[in-house]
Amino acid sequence: MSPLHFSFYSAFTFSCLGLAFHRTHLISALLCLESMMLSMFIPLSMWPIDNQTPSFTLVPILMLAFSACEAGAGLAMLVASTRTHGSDHLHNLNLLQC
């Protein structure tokens with residue numbers, strides 16, 4: 001495994017671990033999701049250049065568009081939860097509580 005591949009895999013793994021273990025604030029969960037998208041976007045954008053296949057150059061752009069929509073939806077949920085609950089702590093967001 002090359003050091004470049006190792007760095008991409010470790011970035012994705014660390015962002016997954018951050019999402020799993022640091023779940024106190026909604027903004028930290030959103031940042032972990034964005035780092036997961038970034039660690040997937042960079043190899044996907046480099047893969048068509050390495051393999052010299054121009055047919056896969058649209059895939060990173062589509063993934064970047066979906067991650068921008070995900071970020072916008074996440075920030076909208078952050079603003080809505082902060083307005084209704086007063087903070088962005090995830091323990092305040094209980095679906096079983098009416």
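Where does UniProt place the feature "transmembrane region"? The unreviewed entry puts this feature at residues 6-22, 29-49 and 61-80, in the numbering used here and with the caveat that annotations may be inferred rather than shown by experiment. The model itself is predicted, so to speak: local features need pLDDT of at least 70 and side-chain atom pairs count only at pLDDT 80 or more, while totals for chains, interfaces and linings use all residues. Residues are numbered from 1 along each chain as its sequence is written, and side-chain values use heavy atoms, leaving out hydrogens and water.

Over residues 6-22 the chain comes out as 94% helix and 0% strand, with the end C-alpha atoms 23 Å apart. Residues 61-80 are 100% helix and 0% strand, and here the end C-alpha atoms are 29 Å apart. Helices (H or I, at least four residues) and strands (E, at least two) are DSSP runs, numbered from the N terminus.

Now for some single residues. Serine 39 sits in helix α2 (residues 26-51). Setting aside neighbours within four places in sequence, serine 39 is in contact (heavy atoms within 4.5 Å) with Phe8, Ala11 and Phe12.

Isoleucine 61, in helix α3 (residues 58-85), counts as exposed because its relative accessibility is 55%.

Aspartate 88 turns up in the segment after α3 and is buried, at 16% relative accessible area.

How values were computed. Buried < 20%, exposed > 50% of the residue type's maximum accessible area, 1.4 Å probe, protein only.
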